[in-house]
Amino acid sequence: MAKVNKAQADEAVKQAYRDYNNLLIKYCRIRLKDVPDAIDDCLQNTYLAYYKRLLSGEEIKNTKAFLYRVADNMVKRTVADYSKNAKRHTDLDNAKELSAQIDFDSFSNSEIDYDILKERLINRLNNDEQFLYRMKYEERKSLKEIGETLNIPPSAVANRTSRLRTKIKRLISETIEEIEGGRLS
């Protein structure tokens with residue numbers, strides 16, 4: 001299998017986006033119950049998988065079937081993650097009873113100003129990452145809209161957004177450790 005060049009892969013992803021994006025949005029929306037972040041992540045990861053496979057030289061004979069299969073796997077993964085995390089939550093009926101058992105005074109960081117914390121985290125991103133963050137998470141623009149603004153294909157936006165989420169998760173962990181260690185107030 002011969003690898004396709006980047007321009008060919010970009011064009012193939014753009015074509016797939018034009019041909020199948022509305023169908024994939026409907027599919028993910030139905031399966032994920034209108035959770036915007038989960039739907040966006042599902043679509044983003046689907047196109048990213050398609051793009052990576054194209055660049056690796058894999059021949060994909062039925063693009064629509066491939067995209068649906070990947071989207072379905074992403075939906076299943078999202079539902080499994082949700083189910084796993086749901087076990088960590090309690091319903092409102094039990095919340096009052098549980099909150100009575102917790103000594104909230106023992107939490108030294110209960111005075112955290114989350115707006116300030118958010119700004120500190122965002123300020124640790126470079127200018128391009130901050131711009132992408134604002135477009136994706138504050139302005140809620142689609143991958144296509146961001147791609148048009150940056151003059152890059154939606155697949156590249158998906159890749160950058162994925163890297164940005166990973167970096168933000170790392171920065172959050174580091175910042176929490178700094179707060180708990182007393183190095184940041």
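Some ground rules come first. The model is predicted, so local features need pLDDT of at least 70 and side-chain atom pairs count only at pLDDT 80 or more, while totals for chains, interfaces and linings use all residues. Residues are numbered from 1 along each chain as its sequence is written, and side-chain values use heavy atoms, with hydrogens and water left out.

On confidence, the protein chain has a mean pLDDT (the predictor's confidence in each residue, from 0 to 100) of 79, and 75% of its residues reach 70 or more. Helices here are DSSP runs of H or I with at least four residues, numbered from the N terminus. Where pLDDT is low, the predicted coordinates should not be read in detail.

Next, the nonpolar cores. A core is a set of buried Ala, Val, Leu, Ile, Met, Phe, Trp, Tyr and Cys residues joined through side-chain atoms within 4.5 Å; buried means under 20% relative accessible area, exposed over 50% and partly exposed in between, with a 1.4 Å probe and protein chains only. The largest core holds 24 residues, and those touching the most other members are Leu-24, Cys-28, Leu-32, Cys-42, Tyr-47, Tyr-50 and Leu-67. Helices H1 (6-32), H2 (36-56) and H3 (63-86) each give two or more residues to this core, with H1 giving the most, at 9 residues. Leu-32 touches Ala-38, Ile-39, Cys-42, Val-75, Thr-78 and Val-79, leaving out residues up to four places away in sequence. A second, separate core of 16 residues includes Leu-121, Ala-158, Leu-164 and Leu-171.

Charged pairs come next. With a salt bridge taken as a side-chain nitrogen of Lys or Arg within 4 Å of a carboxyl oxygen of Asp or Glu, the count comes to 10. In one of them, the side chains of Asp-41 and Arg-165 meet at 3.2 Å, N to O. Asp-41 sits in H2 and Arg-165 in H8, so this pair ties together parts 124 residues apart in sequence. Arg-165 counts as buried because its relative accessibility is 19%, whereas Asp-41, at 23%, is partly exposed. Beyond its neighbours within four places, Arg-165 is in contact with Asp-41, Gln-44, Asn-45 and Tyr-137.

Lys-167 and Glu-129 also form a salt bridge, at 2.8 Å, N to O. Here H8 supplies Lys-167 and H6 supplies Glu-129, so parts 38 residues apart in sequence are tied together. Lys-167 and Glu-129 are both buried. Arg-31, Asp-72 and Lys-76, for their part, are linked in a network of salt bridges. Asp-72 lies in helix H3 and is buried, at 17%.

Last, helix H6 (residues 127-138). H6 has 12 residues and reaches 15 Å from first C-alpha to last, close to the 16 Å expected at 1.5 Å a residue, the expected span being 1.5 Å times one less than the number of residues. Its buried residues are Glu-129, Gln-130, Leu-132, Tyr-133, Met-135 and Lys-136. After H6 comes Arg-140, with a positive phi near 55°.

Key:
Contact means heavy atoms within 4.5 Å.
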